[in-house]
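Here's a model to go through by question and answer.

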Amino acid sequence: MSVARRVAIVDNERCVGCQLCMFACTRRRGYGGLGFSAIHVKSTGGIESGFTVIVCRACPDPPCQKVCPTGALTVREGGGVRLNMDKCIGCGYCVDACPFGAIFWNPEVNKPIVCVYCGYCVDFCPHKVLTFEEVKP
Amino acid sequence: MTLGKVLYIDLSKRRSWVEDQSELFSDRLGGVGVAIKLLEEELPKGADPLDPDNVIVFAVGPLTGLYPMASKTVALFKSPLTGNLGESHAGGRSAVAIRLTGYGAIVIKGASESPIYLAIHNGRVFFRDASGLWGVGSSLTVGRVIREREPGAGVRTIMRIGRAGERLVRYACVNTETYRHFGRLGLGAVFGSKKLKAVVISGKSSINVKDPASYRKVYDRIYEMATKTALMRKYHDIGTSMNVQPLNTIRGLPTRNLKEASFEEAHMISGENLAENYLGRRVACSHCPVACIHLAALREPYEDEPYFYKTTMISYDYELIYALGSMLGVSDPEGMLRLMNEVEVLGMDAISTGVVLAWMTEAYERGVISDDDTAGLKPRWGDWRVYLKAIRMIVEQPTEFYRDLAMGVAYAASKNGGEDYALAFGGNEMPGYHTGPAAHLGFLTGARHSHLDSAGYSLDQRLLKKGLKPSVEKVVDYLISEESWRQILSSLVVCYFARGIYRPEMVEEALKPVGYSLDVEALRKLGLEILRDKNRFKVREGFNPEKLKPPKRIYETPTPLGHVDEKSMEEAVKLFYERLAL
């Protein structure tokens with residue numbers, strides 16, 4: 001059985017706000033821009049005060065999954081969720097349920113964007129903000 | 001492809017519409033290549049820069065939102081400072097926001113009767129009342145208010161003007177994301193004349209690429225070069241302020257209004273000293289791993305209460321250190337940082353402001369202006385407290401003299417005297433390089449009279465190192481070729497700091513997966529064509545190369561390459577326009 005991994009934030013104080021992680025996430029899908037990004041970087045109240053990075057923490061008991069009315073979101077073994085796009089009706093309950101705001105929305109397809117725990121973004125963090133690690137219970 | 005969509009906004013009628021300009025974008029890439037055509041088309045010939053007829057064009061390009069360091073937006077307009085072509089570039093999140101809200105360019109015309117700001121979210125335009133924001137003392141506050149009111153945190157740009165723009169200071173800037181600027185040539189005053197306080201743009205769409213696999217491959221190569229080689233090191237370690245010491249050592253650092261070209265206290269305002277003692281944070285433009293934006297943390301005590309402090313984050317770069325440091329003889333780094341913060345708060349171009357203050361100081365020293373003119377201020381080299389007050393006076397304009405200063409140094413000197421030491425080129429205040437003839441030739445002939453047009457300062461320094469003395473022809477040809485190539489970078493739109501990575505071959509490679517097939521030769525040809533278009537536009541608007549005259553001062557103070565010769569400079573200017581063949 002493979003180990004469940006996740007993207008974790010080592011130190012958001014190192015973040016310079018370059019957003020390369022966000023671009024990587026959409027590029028992984030074969031697009032430019034940010035339309036499919038499941039990781040987000042914004043300032044904590046103006047650029048002078050630094051940045052916050054928002055990404056799925058792979059909860060062992062995920063609140064987003066509990067509110068999914070169609071069973072499109074299922075719990076991944078070891079923590080986090082998987083999204084079955086065919087079952088998703090685009091109700092957006094999962095977005096509201098996540099306390100971190102780590103479920104994003106793609107208005108072009110009217111469906112949520114959920115991290116797939118691939119770690120591609122981590123390879124493009126030039127300032128060691130992110131790491132790809134095993135989910136610890 | 002959404003790049004071909006151009007958003008038009010008429011502030012007079014509060015109307016907006018979209019036009020398809022795909023053909024223009026496929027012929028001319030984007031950025032400045034496209035913007036000069038749109039400006040030519042939209043701006044009535046001879047329009048007054050502060051009249052509703054003036055037009056602002058923001059443009060991004062085919063690499064925006066796709067590759068690292070393609071993070072700049074080009075703004076074209078008619079400059080209220082020079083009365084001719086206005087062009088300035090800014091990063092922050094502006095470029096990515098424009099592209100991902102769905103446009104390749106935004107054209108703003110007309111003027112509002114009352115203060116407004118524009119909000120553009122996912123391509124939709126909203127005209128919002130800004131009467132409550134007009135007159136707010138700090139541009140930082142304006143940013144803060146809009147940040148709270150508007151959506152799009154993380155994927156938006158908030159371009160805004162300060163009091164200087166409202167008061168039509170001809171070199172007012174437009175500030176974006178607090179620390180980046182459409183700095184030069186007075187876009188802020190154009191905003192002010194249109195009663196346009198701010199433009200907020202957000203968007204988060206995706207971009208289709210023709211060949212995703214090779215797109216990712218080229219991306220990875222560029223990323224490796226940017227992060228694992230030395231190409232960008234200068235910009236991310238100490239930043240542009242690394243230039244202070246070397247320029248001072250070769251005696252090319254304009255000091256005290258260029259009475260001298262080296263500053264005995266340069267070590268105090270050097271990048272090294274600032275990094276060691278004040279650097280508080282480094283930040284990046286969207287999609288740039290370099291993070292060249294250096295913020296100093298200035299901790300100041302309040303005098304009325306013990307153990308009560310404030311800490312201000314202040315962005316510094318080489319040009320600001322030159323203009324508000326050595327040019328004014330200011331060596332106290334904290335005083336200099338306060339000056340930088342003041343121009344930020346009021347929204348002024350730091351270079352122009354510094355040059356204006358330097359001229360004022362020398363004119364006062366020589367008795368050309370009096371205490372009546374200065375409303376009692378006694379400008380003195382190094383006295384940053386007086387300069388702090390003077391900056392505010394330029395915005396408030398309590399006397400006719402300060403109204404003159406608000407028009408720029410060329411105007412102020414033409415009216416009050418002291419033209420020989422009013423450091424302006426083609427109406428634009430001088431950047432921080434007295435490196436040799438190529439720098440000055442570049443300031444004169446560059447389409448926007450800026451050091452970044454053709455980078456003569458960099459040629460001078462290379463020639464100095466190698467001990468070479470090329471012919472005037474060679475220098476002219478080099479500047480034309482460099483300025484032409486930079487038109488391509490500004491059409492893609494790629495940051496000039498990444499020019500070592502985006503070499504012609506790399507640009508050709510990067511464009512392929514996006515769907516452009518232009519080889520190096522075609523790119524170079526297009527670059528020259530765009531440069532000619534810009535100069536033709538200038539001629540249309542009354543520019544006469546024969547009238548270009550640098551201030552006498554540049555001939556008096558020796559450069560690292562010796563005294564600049566007046567006669568050969570005149571010849572070189574003539575030759576430049578002959579070779580450019582408009």
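Q: What area is buried between chain A and chain B?
A: In this predicted model, about 2,900 Å² is buried between chain A and chain B, and carbon and sulfur atoms give 54% of that. Arg27(A), Ile47(A) and Glu48(A) supply 21% of the area that chain A buries against chain B, more than any other three residues.

Q: How many residues are in contact on each side of chain A and chain B?
A: There are 38 residues of chain A in contact with 38 residues of chain B. To count, heavy atoms have to come within 4.5 Å.

Q: What makes Glu13(A) and Arg281(B) a salt bridge?
A: The cut-off is 4 Å between a side-chain nitrogen of Lys or Arg and a carboxyl oxygen of Asp or Glu. Glu13(A) and Arg281(B) have N to O at 3.2 Å, so the pair falls within 4 Å and gets the name. Across the interface of chain A and chain B, the rule finds one salt bridge.

Q: How many residue pairs are in polar contact across the interface of chain A and chain B?
A: The rule finds 18 residue pairs, both residues at pLDDT 80 or more.

Q: Which elements give two or more residues to the side of chain A that touches chain B?
A: Those are helix 1 (20-28), strand 2 (31-33) and strand 3 (39-43) of chain A. Helix 1 of chain A has the largest share, with six residues. Sorted by class, that side of chain A has 16 nonpolar, 14 polar and eight charged residues.

Q: How many salt bridges are there over all chains?
A: By this rule, the count is 38. One of them joins the side chains of Glu87(B) and Arg448(B), with N to O at 3.9 Å. That value is within the 4 Å cut-off, so the pair counts.

Q: Why can you say that Glu87(B) and Arg448(B) tie together parts that are apart in sequence?
A: Glu87(B) sits in strand 5 (residues 85-90) of chain B, while Arg448(B) is in the loop between helix 17 (437-445) and helix 18 (451-454) of chain B, so the pair ties together parts 361 residues apart in sequence. Both Glu87(B) and Arg448(B) are buried.

Q: How do you know that Arg163(B) and Glu166(B) form a salt bridge?
A: Their closest N and O atoms are 3.0 Å apart, and the rule asks for a distance within 4 Å, so the label holds. Both residues lie in helix 5 (residues 163-166) of chain B, three residues apart, about one turn of the helix.

Q: What makes Arg338(B) and Glu300(B) a link between distant parts of the chain?
A: The side chains of Arg338(B) and Glu300(B) meet in a salt bridge at 2.9 Å, N to O. Arg338(B) is in helix 12 (residues 333-346) of chain B and Glu300(B) in strand 15 (residues 293-301) of chain B, 38 residues apart. Glu300(B) has 13% relative accessibility and counts as buried.

Q: Which residues do salt bridges that share partners join into one network?
A: Arg28(B), Lys37(B), Glu40(B), Glu529(B), Asp533(B) and Arg536(B).

Q: Is Thr399(B) buried or exposed?
A: Thr399(B) has 17% relative accessibility, and under 20% means buried, so that is its label. Thr399(B) is found in the loop between helix 14 (384-396) and helix 15 (400-405) of chain B. Its side chain reaches the backbone oxygen of Asp373(B) at 3.0 Å.

Q: What makes helix 13 of chain B mostly covered?
A: Of its 16 residues, 15 are buried. Helix 13 (residues 350-365) of chain B reaches 22 Å from its first C-alpha to its last, close to the 22 Å expected at 1.5 Å a residue.

Notes: Residues numbered from 1 in each chain as written. Chains lettered and ligands numbered in written order. Predicted model: local features only at pLDDT ≥ 70, side-chain atom pairs only at ≥ 80, totals over all residues. Heavy atoms only, no water. Helix = DSSP H or I, 4+ residues; strand = E, 2+ residues; numbered from the N terminus. Expected span 1.5 Å × (residues − 1). Buried < 20%, exposed > 50% of the residue type's maximum accessible area, 1.4 Å probe, protein only. Buried area = accessible area lost by both parts, 1.4 Å probe. Polar contact = N/O pair within 3.5 Å; in protein donor to acceptor, adjacent residues only side chain to side chain. Nonpolar A, V, L, I, M, F, W, Y, C, P; charged D, E, K, R; others polar.
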